[in-house]
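Take a look at the chain shown here.

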Amino acid sequence: MSLLSCALLLGACSKDEEKGENHPYGTLRFEVAAQSAPDTRAGLNSQEPIHSVADVKVYVFRKSGSNYLYHKTFAMPWSAGASFGRYDVPTAEMVPAGDYKFLAVGRDAGDRFSLPALTANTTDYNDIVVSVTAAGQETEIFSGTYTATVSSEGMRIPVTITRQVAGVLGYFKNVPANIGGTTVKYLRLSISNSNKNLNLTTGLGSNPTGTSFNLINVDLSSQTVNGDGAYTGNDLSAQGVVKLPNSQLNGAFVVPVTGVTLTLGLYDAANAPLKTWTVLNDNAESSFSIVANHFYALGTKVAAGSTTGTPERPVADAPIDLMKDQAITVTVLPNWAFIHNMTLQ
């Protein structure tokens with residue numbers, strides 16, 4: 001069975017159409033590389049390009065006419081947080097000579113995506129669509145493809161897998177406990193629409209819910225209030241997260257979706273809005289698309305375990321101050337394919 005080398009850096013899905021290189025040992029060798037730093041994380045709590053992939057499989061599709069149909073699956077040996085894997089296919093498991101697409105898929109231990117049943121000589125490469133049963137169940141998932149003509153000679157099949165979901169992070173400070181005499185109970189970041197299906201060969205979402213959904217939904221009622229009338233913040237120390245005092249940090253993975261709006265709001269116990277902000281992207285647009293392997297940041301949090309960034313990126317934490325009337329910007333970070341800094345108005 002084979003490990004297509006899987007380095008999880010945050011990039012776009014490889015659409016490489018080159019021929020696989022000959023391999024001197026007369027075997028089919030999978031090398032999977034993940035476009036992400038070799039480390040693990042608990043949840044989405046910073047802009048770091050690390051991942052939680054714990055399982056990698058290579059799905060083989062053989063050309064039949066103008067289509068590529070499912071042939072077989074190789075499970076690669078993989079450790080959580082790894083960025084590369086290699087597997088030499090045993091002679092008894094070699095695929096017949098022919099033209100192939102090799103689709104490598106990396107999933108985390110808590111994966112909630114459902115993969116369709118694959119039928120040999122029937123399931124088409126273009127139909128590899130995973131799904132969640134409801135918005136908010138998205139987890140981290142990577143994929144990448146390599147196309148090659150396999151002969152009886154040994155061959156090396158390199159596949160780079162990249163994140164096929166987007167990340168949205170909200171980092172705020174000084175959330176007021178009271179507005180106009182009414183207690184603030186909830187901090188929410190909502191999106192106007194969401195998709196439940198994700199095509200792993202295109203990175204595109206589908207099957208929209210057509211309804212608004214809370215990407216971030218923080219119940220503030222268990223938090224204490226400081227002398228300035230602001231909540232003291234959520235405690236993420238058990239996850240190794242260090243953040244500034246009086247701050248709220250939360251994040252979510254999102255299936256790509258087009259033409260949406262994001263709204264940040266403070267709500268009372270009856271879910272009535274006390275104050276809301278429209279989120280703008282880095283082009284000052286209120287309607288935009290959420291794209292695979294892009295990171296959408298409200299506030300800056302470069303590293304989970306530090307408030308001053310990393311030696312490579314010594315950028316101090318900059319949560320958005322909700323005691324101030326200001327525009328809130330979304331930023332896309334360079335370690336993902338794109339980092340968007342988003343703002344509020």
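Does Ile157 count as buried or exposed? Ile157 counts as buried because its relative accessibility is 0%. Buried means under 20% relative accessible area, exposed means over 50%, and partly exposed lies in between, with a 1.4 Å probe and protein chains only.

This is a predicted model, where local features need pLDDT of at least 70, side-chain atom pairs count only at pLDDT 80 or more, and totals for chains, interfaces and linings use all residues. Residues are numbered from 1 along each chain as its sequence is written, and side-chain values use heavy atoms, with hydrogens and water left out.

Ile157 sits in strand β11, residues 155-163. Its C-alpha atom lies 4.9 Å from that of Phe30. In sequence, Ile157 and Phe30 are 127 residues apart.

## The whole chain

The protein chain has 0 helices and 27 strands. Both are DSSP runs, numbered from the N terminus: helices are H or I with at least four residues, and strands are E with at least two.

The chain has 345 residues, and 52% of them count as buried. Contact means heavy atoms within 4.5 Å. Take the contacts between residues at least 6 apart in sequence: 74% of these join residues at least 24 apart. The accessible surface is about 13800 Å². Carbon and sulfur atoms hold 49% of that surface. Accessible areas come from the Shrake-Rupley method with a 1.4 Å probe, and for residues only the protein chains shown count as cover.

## The largest pocket

Rolling a probe the size of a water molecule over the atoms shows where empty space is left. The search uses a 1 Å grid over the protein atoms alone. A cavity is a set of points where a 1.4 Å probe fits but cannot get out. A pocket is an open set with protein on both sides within 12 Å along at least five of seven lines. Lining residues have an atom within 4 Å of a point. Grid points are joined across faces, edges and corners, and a volume is the space filled by probe spheres set on the points.

The largest pocket holds about 320 Å³ of space. Its lining has 23 residues. Gly43, Leu44, Gly251, Ala252 and Phe253 lie nearest its centre. Two elements give two or more residues to this lining: β18 (213-219) and β19 (247-254). The largest share, 5 residues, comes from β19. By type, the lining divides into 8 nonpolar, 10 polar and 5 charged residues. Here Ala, Val, Leu, Ile, Met, Phe, Trp, Tyr, Cys and Pro count as nonpolar, Asp, Glu, Lys and Arg as charged, and the others, Gly among them, as polar.

## The cavity

How many cavities of 30 Å³ or more are there? The count is 1. The largest cavity has a volume of about 40 Å³. Among the residues that line it are Gly136, Glu138, Ile191, Phe213 and Phe253. β18 and β19 each supply at least two residues of this lining. The lining divides into 6 nonpolar, 3 polar and 1 charged.

Asn45 lies in the loop between β4 (28-34) and β5 (53-64). It counts as buried because its relative accessibility is 5%. The side chain of Asn45 makes a polar contact, at 3.5 Å, with the side chain of Gln239. A polar contact is a pair of N or O atoms within 3.5 Å; within protein, one must be able to donate a hydrogen and the other to accept it, and residues adjacent in sequence count only if both atoms are side-chain atoms. Beyond four places in sequence, Asn45 is in contact with residues including Leu169, Val241 and Lys301.

Most residues other than glycine have a negative phi. Asn271 has a positive phi of about 70°, and Asn293 has a positive phi near 65°. Asn271 lies in the loop between β21 (262-267) and β22 (273-280). Its relative accessible area is 43%, so Asn271 is partly exposed. Asn293 lies in the loop between β23 (288-290) and β24 (294-298). Its relative accessible area is 1%, so Asn293 is buried.

## Near the end of the numbering

His340 is in strand β27, residues 338-344. It is buried, with a relative accessible area of 14%. The C-alpha atoms of His340 and Tyr296 are separated by 4.8 Å.
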